[in-house]
Amino acid sequence: MRIRSLLATAGTVAALSLTAVTPASAADPAVLTTANGDVAVGDVLTASLAAGTSATFYSSATGTSGVSCAASSFSATVTANPTAPGTATESLTAQTFTNCTSNVVGVLGVTSITVNNLPYTAAVSSGGTLTVSPPAGSKIRTTVVLRTLLGSVSCVYEGAALNGTASNTDNSIAFANQQFTKLSGSTLCFANAYFTAKYAPVTTGGASVVVN
């Protein structure tokens, strides 16, 4: 009888221990979450420029000469979202720039800015570090088409990667003075383009995304 009692007690303790551990484990969040729970693989993240900001491509990291865009947005599909801490990955499938102007002497306007070699891979870590990388064997490339006194001019810029930061304060991602080097173009195309932009809020399904 005593043996049965001990076995029953041991079984109860084991069951209670399992109950205590399982919910805590299940409650661990993924790297990317919203108020609705973990972001799922296949979910699409979108964002436009933070209110009152512009996306800029300036000729130097400290200057103000170049191209400024009043509107920009991106779309990325989540490809992995492990339990935090960790690194989530996304496939950046679209990024647009519109309402762009230039203050470069001899440039009358900006016809278009096109991001080439998509999709890119975006990796965001629990610490908020964000890295955007091109497909193997290629580079991040942007083509800027300018209207000039001499006609249309295409300026092509390339870079190995983009490094940015994610912030939960305003659910944003930001890039500051990311350098691109001119691959081709006329003398009206500056030798380097430094990209700065802040996108906020980053959302999926209408809910803001948090990095854990």
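At 13% relative accessibility, cysteine 100 counts as buried, where buried means under 20% relative accessible area, exposed over 50% and partly exposed in between, with a 1.4 Å probe and protein chains only. The model is predicted: local features need pLDDT of at least 70, side-chain atom pairs count only at pLDDT 80 or more, and totals for chains, interfaces and linings use all residues. Residues are numbered from 1 along each chain as its sequence is written, and side-chain values use heavy atoms, with hydrogens and water left out.

Confidence comes next. The protein chain has an average pLDDT of 90, and 88% of the residues score at least 70; pLDDT is the predictor's confidence in each residue, from 0 to 100. Over residues 1-25 the pLDDT is below 50, and this stretch has 1 contact in the model beyond near neighbours in sequence. Contact here means heavy atoms within 4.5 Å.

A disulfide is taken as a pair of cysteine sulfur atoms within 2.5 Å. The partner of cysteine 100 is cysteine 69, with an S to S distance of 2.1 Å. The two cysteines sit in distant parts of the chain, 31 residues apart: cysteine 69 in strand S5 (residues 66-80) and cysteine 100 in strand S6 (residues 87-102). Strands (E, at least two residues) and helices (H or I, at least four) are DSSP runs numbered from the N terminus. The link is right-handed, with 105 degrees about the S-S bond. Cysteine 69 is buried as well, at a relative accessible area of 0%.

The other bond joins cysteine 155 to cysteine 189 (S to S 2.0 Å). Cysteine 155 lies in strand S11 and cysteine 189 in the loop between S13 and strand S14 (192-199), so the pair ties together parts that are 34 residues apart in sequence. This link is left-handed, with -75 degrees about the S-S bond, and both cysteine 155 and cysteine 189 are buried. With bonded cysteines counted along the chain, the disulfides follow the pattern 1-2, 3-4.

Strand S11 (residues 151-159) also takes part in strand pairing. It runs antiparallel to strand S10 (residues 140-148), to which 9 bridges join it; two strands pair if DSSP finds at least two bridges between them. A hairpin of 2 residues connects S10 to S11. S11 and S13 are antiparallel too, with 3 bridges.

Strand S13 (residues 172-184) includes serine 172. Serine 172 is buried, with a relative accessible area of 5%. Its side chain makes a polar contact of 2.6 Å with the side chain of aspartate 170. A polar contact is a pair of N or O atoms within 3.5 Å; within protein, one must be able to donate a hydrogen and the other to accept it, and residues adjacent in sequence count only if both atoms are side-chain atoms. Not counting residues up to four places away in sequence, serine 172 touches residues including Lys198, Tyr199 and Ala200.

Tyr199 is also among the residues with the most contacts inside the largest nonpolar core, which has 47 residues. Such a core is a set of buried Ala, Val, Leu, Ile, Met, Phe, Trp, Tyr and Cys residues joined through side-chain atoms within 4.5 Å. S5 gives the most to this core, with 5 residues. Phenylalanine 97 touches Cys69, Ile113, Phe195 and Tyr199, among others, not counting residues up to four places away in sequence.
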